[in-house]
Amino acid sequence: MNWQEESQPKASERFSLKNMGKQQWMVLILIGLLLAVIAMPVNKKNDSASVLSGEDNRDMQESDRLEKKLEQLLGQVEGVGNVQVMIYPSDTESSWSSPQTGETVQGVLIVAEGADDPVTVQKIQESVMALFQVEAHKIKVMKMK
């Protein structure tokens, strides 16, 4: 017998689904299930780790940027004085409003020194309505202490 005959498996020893034992079938099924689980998409809304995801981080950065920009602009308006802004996004996936995207904002809270003057409050409300396409009832302007 030469070495070539010894290295080739006999026809009865080759891999065949017919020759698989119970344990080999179980391993094959488990590998298939594992691949199916890996291939399944993940729902981000129900994912507790989504708070730390890049999308949420971008939303927070966009929120901070819009709040700071609005604070700077309103602080320049006569009669407003010191001002703090909080923008509350809607529950949609892509949530921050900007004039370029036309996305929605659920509400805006503004605390300003000059909020005791109804004319100043009206100016603030009209500004926010124009910038974020938000109805007046979604904007709350309060007097800063």
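These are my notebook entries on what I looked up in this predicted model.

**Entry 1: the overall layout**

I started by going through the secondary structure, and I got four helices and three strands. Reading along the sequence, I wrote the order down as α-α-α-β-β-α-β.

Next I checked how much of the chain is tucked away. Of its 145 residues, 25% are buried. I looked up the surface too: the chain exposes about 11,200 Å², and 57% of that comes from carbon and sulfur atoms.

Then I turned to contacts. Taking those with a separation of 6 or more, I found that 54% are between residues 24 or more positions apart.

**Entry 2: helix α2**

I picked out helix α2, residues 22-39, and asked myself what its 18 residues should span at 1.5 Å a residue.

Is α2 tucked in or largely in the open? I went through its 18 residues and the number buried is zero, so α2 lies largely in the open.

**Entry 3: salt bridges**

How many salt bridges does a search of the whole structure find? It turns up two. A reminder to myself: side chains of opposite charge can pair when their charged atoms come close.

One of them joins Glu71 and Lys68, with the closest N and O atoms 3.9 Å apart.

Glu135 has 40% relative accessibility, so I put it down as partly exposed. Lys138 is partly exposed as well, with a relative accessible area of 30%.

Last, I looked at Gln133. Its phi is near 50°, a positive value in a residue other than glycine. Where does Gln133 lie? I traced it to the loop between α4 (118-132) and β3 (139-143). With 52% relative accessibility, Gln133 counts as exposed, because the cut-off for exposed is over 50%.

Key. Residues numbered from 1 in each chain as written. Predicted model: local features only at pLDDT ≥ 70, side-chain atom pairs only at ≥ 80, totals over all residues. Heavy atoms only, no water. Helix = DSSP H or I, 4+ residues; strand = E, 2+ residues; numbered from the N terminus. Buried < 20%, exposed > 50% of the residue type's maximum accessible area, 1.4 Å probe, protein only. Contact = heavy atoms within 4.5 Å. Areas by Shrake-Rupley, 256 points an atom, 1.4 Å probe, with all protein chains shown as cover. Expected span 1.5 Å × (residues − 1). Salt bridge = Lys/Arg side-chain N within 4 Å of Asp/Glu carboxyl O.
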